[in-house]
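Hi there,

Here is the structure I promised to pass on.

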Amino acid sequence: MRTVSPSVSLTRAAALAVRRGHPWVWRQGVTSGIDRLLPGDAVRVLSPEGAPLGYALADPGSPIVLRIWGKTPLDPASFSQRVERAVALRERLFANGLTTAYRVVHGEGDRMPGLVVDRYGPVAVLRTDGDGIRRRLGELVEALRVPLARLGIVTIIERVGTRKESHVVVLHGEPPPERLEVQEHGVSFMVDLARGQKTGAFLDQRENRVRVGALAAEKRVLNLFSYTGGFSLWAARGGAIRVTSVDLSAEALATGEESFRRAGLDPRAHLFVAAEAFGFLSDAKRRGLSWDLIVSDPPSFAPREQSVERALGAYRTLHRACVELLAPGGLFCAASCSSHVNAEAFVTTLDDAALGRDDLRLLELIGAPADHPTLPGWPEGRYLKFAILG
Ligand code: SAH
């Protein structure tokens, strides 16, 4: 690594955002110095007046050309410090030992832009975003090894490739099993490390699964976009009369059924339906079906800023179709994981005009839990919205 970092100057607007803690600088935010850099180079970031703003990892080939790491130079000591801080937070959050699946490093939110590390029992699954951080993978794994071992993590893997064709690369330790059992608040569930989505599970919904469990007693529950049935499992444990889980992926549903069996719940007492959610809803309406509690947690409808309007339309259609199937006195939990749709925009897809009725109240509007920290100066980080209406 170079001993003296090269410097890059920002525009006034980009410098202001960085001062407020925004960790990203787009190409147009840089006035000079970016094109001679290589991905993964550590650079000093300067204001238009030449004042130091911090250090960043360069990724000149990407739209986000700089990811800001803060005021300390980027070296192994600083990587270790950040990992230690991240691990210390989780040691505190999960001190009772009842949760063995959680996010250990949440990228930008933990001041380690582009790096995500999730824990599944003894296995850490790492994901990187951008070439800058990829070039530093070796150093990062070195910084992670000992602090992660303190949490009981003996293997570090990475999932590479697309969702359809991905494979696991072992970065440290023994190859893990393809599937393993982990706990959230003492409740076991199965994770498919080899084929599951994201790093294996949607850990950001953990506390919302608990909420749904607490609301489900004596209710007929519909869980749309259920994936491996996290909400379903908590609802069934919470005393739901019957839980219907709907997802396109038969494989995810099968993993859900296995989690039910391991929890001592008979999956045959519930319904696991491999279907397209919008089609399922219109079919259910035709058949006059209704539910007392409906959960909707679709994939991001707005992968890009340009698709926000279309996404809002899709959320409105989905939400109206859901509340049309809500029994009197029913509860509706609507989630969105799109960072381009902020909380205020999301609730417009749940207002009276959107839902076509004027009797529902917004009981709670919740973000991601503390193992997914965000930064006040980085609105894009507040991607998760979970609204409970009733
Ligand atoms: N609620 C889940 C996470 C949902 S992720 C949890 O707590 O773990 C979104 C899920 O939607 C994925 O499992 C994906 O297979 C499914 N999906 C995507 N498009 C769909 C569609 N049109 N109809 C039904 N399911 C869909």
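This is a predicted model: local features need pLDDT of at least 70, side-chain atom pairs count only at pLDDT 80 or more; totals for chains, interfaces and linings use all residues.

Glu158, by contrast, is buried, with a relative accessible area of 3%.

In one of them, the side chains of Asp110 and Arg90 meet with an N to O distance of 2.6 Å. Asp110 is in the loop between strand E7 (101–106) and strand E8 (115–120), and Arg90 is in helix H2 (residues 76–93), so the pair links parts of the chain 20 residues apart. Asp110 and Arg90 are both buried.

In the other, Asp192 pairs with Arg179, and the closest N and O atoms are 3.6 Å apart. Asp192 lies in strand E13 (residues 187–192) and Arg179 in strand E12 (residues 179–184), so the bridge ties together parts that are 13 residues apart in sequence. Asp192 counts as buried at 7% relative accessibility, whereas Arg179, at 29%, counts as partly exposed. Both residues also belong to a network of salt bridges, in which they are linked with Glu178, Glu181, Arg195, Glu251, Glu258 and Arg262.

Now to the ligand. Which residues come nearest to it? Of the 14 residues around the ligand, they are Arg209, Asp247, Glu276, Ala277 and Asp297. By class, the shell is made up of eight nonpolar, two polar and four charged residues.

- Arg209: an N or O atom in its side chain is 2.8 Å from an oxygen atom of the ligand.
- Gln197: a polar side-chain atom lies 3.3 Å from an oxygen atom of the ligand.
- Leu248: here a polar backbone atom is 3.2 Å from a nitrogen atom of the ligand.

On its own, the ligand has 590 Å² of accessible area, and the protein covers 90% of that.

Arg111 has a phi near 60°, a positive value in a residue other than glycine. Arg111 is found in the loop between E7 and E8, and at 40% relative accessibility it counts as partly exposed. Tyr227 also has a positive phi, near 50°, and again is a residue other than glycine. Tyr227 is in the loop between strand E14 (220–224) and helix H6 (230–237). Is Tyr227 buried or exposed? With a relative accessible area of 10%, Tyr227 is buried.

Finally, a word on Ala314, which is placed in helix H9 (residues 308–323). Ala314 counts as partly exposed, at 25% relative accessibility. Leaving aside residues up to four places away in sequence, Ala314 touches Phe278 and Phe301. From Ala314 to Gly29 the C-alpha to C-alpha distance is 33 Å, and the two are 285 residues apart in sequence.

Happy to go through any of this with you.

Best wishes

Note on methods. Residues are numbered from 1 along each chain as its sequence is written. Side-chain values use heavy atoms; hydrogens and water are left out. A residue is near a molecule or strand if one of its heavy atoms lies within 4 Å of it. A polar contact is a pair of N or O atoms within 3.5 Å; within protein, one must be able to donate a hydrogen and the other to accept it, and residues adjacent in sequence count only if both atoms are side-chain atoms. Accessible areas come from the Shrake-Rupley method with a 1.4 Å probe; for residues, only the protein chains shown count as cover. Ala, Val, Leu, Ile, Met, Phe, Trp, Tyr, Cys and Pro count as nonpolar, Asp, Glu, Lys and Arg as charged, and the others, Gly among them, as polar. A salt bridge is a side-chain nitrogen of Lys or Arg within 4 Å of a carboxyl oxygen of Asp or Glu. Helices (H or I, at least four residues) and strands (E, at least two) are DSSP runs, numbered from the N terminus. Buried means under 20% relative accessible area, exposed over 50%, partly exposed in between (1.4 Å probe, protein chains only). Contact means heavy atoms within 4.5 Å.
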